Structures are given as structure tokens and as C-alpha cells.
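Here is a short briefing to read alongside the model. Keep the structure open as you go, and look up each residue as it comes along.

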Amino acid sequence: MRINFDFTDLSTFLAVAELGSFQRAAESLHLSQSAVTRRIQKLEESLGVTLFERTTRSLKLTLAARLFRDRAKAILDNAEEAIYAVSDEQSQLQHHRNTIITIATIQTATHAMLPQLIKQFREAGFTSRIRIMDLFANDVVDAVAEGEADFGISFMGAQEPGLEFQHLLDDHFVLAMHPDNPLSQQTEISWADLHDQAIAIPWKGTGNRMLIDNALSQSEVALEWTYQVRHSATLLGLAESAVGVSILPSSAIPRQIPERVIAKPLVGPAVTRVIGSVRRSGHTLTTAAESFYNLLNQWQ
């Protein structure tokens with residue numbers, strides 16, 4: 001059966017059934033009596049039943065009407081609950097967006113950039129909570145593209161459709177080592193100098209490793225690694241412990257580097273990654289998120 005009535009028809013039916021009068025129902029609904037009559041007729045035609053037995057003295061519900069009355073109430077109650085639920089969820093979503101900023105970022109930026117940016121953000125008077133998603137570079141791009149993050153910090157995404165990439169800094173790869181390592185006395189270090197070293201290198205398939213492998217293949221430099229590591233903090237720890245020498249971006253080296261770690265530029269070839277901010281094209285940020293994003297793009 002095709003449904004050809006709406007909530008106003010149900011409301012009118014329930015009003016007539018409760019008040020026992022078309023006139024009183026019309027007054028309660030602020031409608032004309034003829035409008036109430038038309039709605040009841042429409043409902044009866046749609047259901048294919050007679051809802052009221054009309055006489056000059058009384059108005060009685062038919063058996064069909066009594067059976068339908070409870071279902072009509074349930075339909076309206078469920079509709080009202082659904083509207084409230086949607087309204088509440090929308091309010092919660094808006095509140096969430098206004099009070100939480102989500103930033104997807106490569107892990108090196110979490111100590112090289114974000115602490116200072118957060119301090120500036122607080123000094124500007126913003127109190128928003130900040131959720132930091134520390135991810136690998138390609139995962140940062142995915143989080144921004146899929147709307148999981150308001151914006152991101154990565155060295156990937158410049159060529160991704162639907163994303164805006166803004167240059168922040170050039171991040172050169174260095175060799176981190178213990179001060180007792182003879183290479184620490186050199187001003188810069190070539191890849192050829194590493195032939196007798198226990199080398200720790202980023203994990204195969206990560207963005208950093210892809211940059212290194214691409215640069216070395218173009219320069220026809222062969223590299224034998226000893227340790228393959230996922231996180232820059234672990235690479236730094238291996239260098240500090242004199243277990244090996246570690247290849248990692250300069251941004252991964254804390255500004256106040258440990259006394260037992262020295263970092264020197266790698267050359268022949270030099271490997272550089274371009275770190276930038278990433279956001280969805282045409283996407284409007286909240287005032288707080290936009291302010292943080294602007295601070296990020298002013299990074300020096």
C-alpha cells in the first residue's frame with residue numbers, strides 16, 4: 001500500500017479522537033473545521049477505512065480507528081525522538097568542532113614545532129583542546145583527506161588532488177652518532193664514509209626511507225644497513241648508546257641535543273625533505289583551528 005499521508009494528518013486524527021469533535025480539534029490546532037475534515041478524509045482514503053462514525057449528536061471511533069490510534073501515537077513519538085536525537089547529535093558535533101582541534105603530524109614535528117606553536121596559541125588566548133595524531137607521512141595525508149584531522153604537517157601531499165600544501169621548511173638528513181665515533185670530527189659526512197659503520201636507517205616503506213632510497217639510487221650509492229627502525233626516537237637512542245650511527249632528519253634532533261649525540265650533515269648526495277602544512281581545499285576551519293593553522297604557516 002502506498003503511504004499518502006503525513007505527520008500533520010496523524011496529529012489531526014489524534015486531536016479529533018481525543019477531543020471527540022471536529023470543531024474542538026480545529027480550535028486546538030488553530031485550523032478551520034473544513035481543513036480538519038479534509039485531513040481526516042485524506043487519511044481515510046489513504047488507509048482505505050472509515051475512522052469515525054458521525055451522527056448529528058456524537059462522533060465515535062470505529063474499530064479500525066481504535067486499532068490505528070496507538071500506532072499513530074507511536075509513529076509521532078518515534079518521529080519526535082528521532083528529531084531530538086539528530087538535533088542533539090548535531091549540537092554535540094558542532095560543540096566538538098568548536099572546542100577540539102585535531103592535527104595530524106609526522107612525529108618529528110611533535111617536538112620540533114608543535115610545543116612552540118601551542119605556546120603561541122595559548123598566549124593568543126585560545127583555550128581549545130588539541131588532539132595530536134602522530135603518524136607516518138602518508139597516514140597524515142590520509143587523515144586530512146578523509147576529514148579525520150583539521151589539517152596536518154607532513155612532507156607528502158604536495159601533489160595530492162583536493163589538498164593544499166604550503167611549504168614550511170627544508171629538512172636535511174643528518175648522521176647522528178656518539179661523540180667517540182671518529183666520524184664526529186668531520187664537518188660533513190659522505191655516504192662512502194659509512195662503509196665500516198653499523199648503520200641504523202628508517203624502516204623500509206616509510207616516507208623517510210623512500211626519500212633516502214630514491215636519492216641513493218639516482219647517485220648509484222650502495223648502502224648496507226645493520227638496523228632498520230620505525231621511529232626516529234629509536235634511531236636517536238641507538239646513536240646515543242653508540243650501538244650504531246643513525247640516519248634521520250635534522251628536525252628529529254632535539255634543539256638541546258643529548259651530550260652523547262652529535263649530528264653531522266650527510267652529503268654526496270644530500271637528502272632533503274620539504275615539510276609543509278596540509279589541509280583540504282575549500283574546507284572551512286573553525287576560528288580556533290584557522291588561527292592555529294595560520295600560526296603554523298608563519299613558522300620560522
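Helices (H or I, at least four residues) and strands (E, at least two) are DSSP runs, numbered from the N terminus. By that reading, the chain has 10 helices and 12 strands. Its radius of gyration (taken over C-alpha atoms) is 34 Å, well over the 19 Å that the globule rule (2.2 Å times the number of residues to the power 0.38) gives for 300 residues, so the chain is more spread out than a compact globule.

This is a predicted model, in which local features need pLDDT of at least 70 and side-chain atom pairs count only at pLDDT 80 or more, while totals for chains, interfaces and linings use all residues. Residues are numbered from 1 along each chain as its sequence is written, and side-chain values use heavy atoms, with hydrogens and water left out.

**The chain as a whole**

- Along the principal axes, the C-alpha atoms fill a box of roughly 110 × 45 × 30 Å.
- Of the contacts (heavy atoms within 4.5 Å) with a separation of 6 or more, 72% come from residues 24 or more positions apart.
- The accessible surface (Shrake-Rupley method, 1.4 Å probe) comes to about 16,800 Å², and 50% of it belongs to carbon and sulfur atoms.

**Where α1 packs on α3**

- Two packed helices are described by the angle between their axes and the distance between the axes.
- Helix α1 (residues 7-19) and helix α3 (residues 33-47) pack at about 110 degrees, with their axes 9 Å apart; the axes are lines fitted to C-alpha atoms over the stretch in contact, and angles run from 0 to 180 degrees between N-to-C directions.
- The two helices α1 and α3 are therefore roughly perpendicular (65 to 115 degrees) to each other.
- On the α1 side, Thr8, Asp9, Leu10, Thr12, Phe13 and Val16 meet Val36, Arg39, Ile40, Lys42 and Leu43 of α3.

**Backbone details in the loops**

- His30 sits in the loop between α2 (22-29) and α3, and has a positive phi of about 60 degrees although it is not a glycine.
- At 74% relative accessibility, His30 counts as exposed (over 50%).
- Ala242, in the loop between α9 (232-240) and β10 (245-249), also has a positive phi, near 65 degrees.
- The peptide bond from Gly268 to Pro269 is cis, with omega near 10 degrees, and Pro269 lies in the loop between β11 (262-267) and β12 (272-280).

Methods:
Parallel < 35°, antiparallel > 145°, perpendicular 65-115°, else oblique. Buried < 20%, exposed > 50% of the residue type's maximum accessible area, 1.4 Å probe, protein only.
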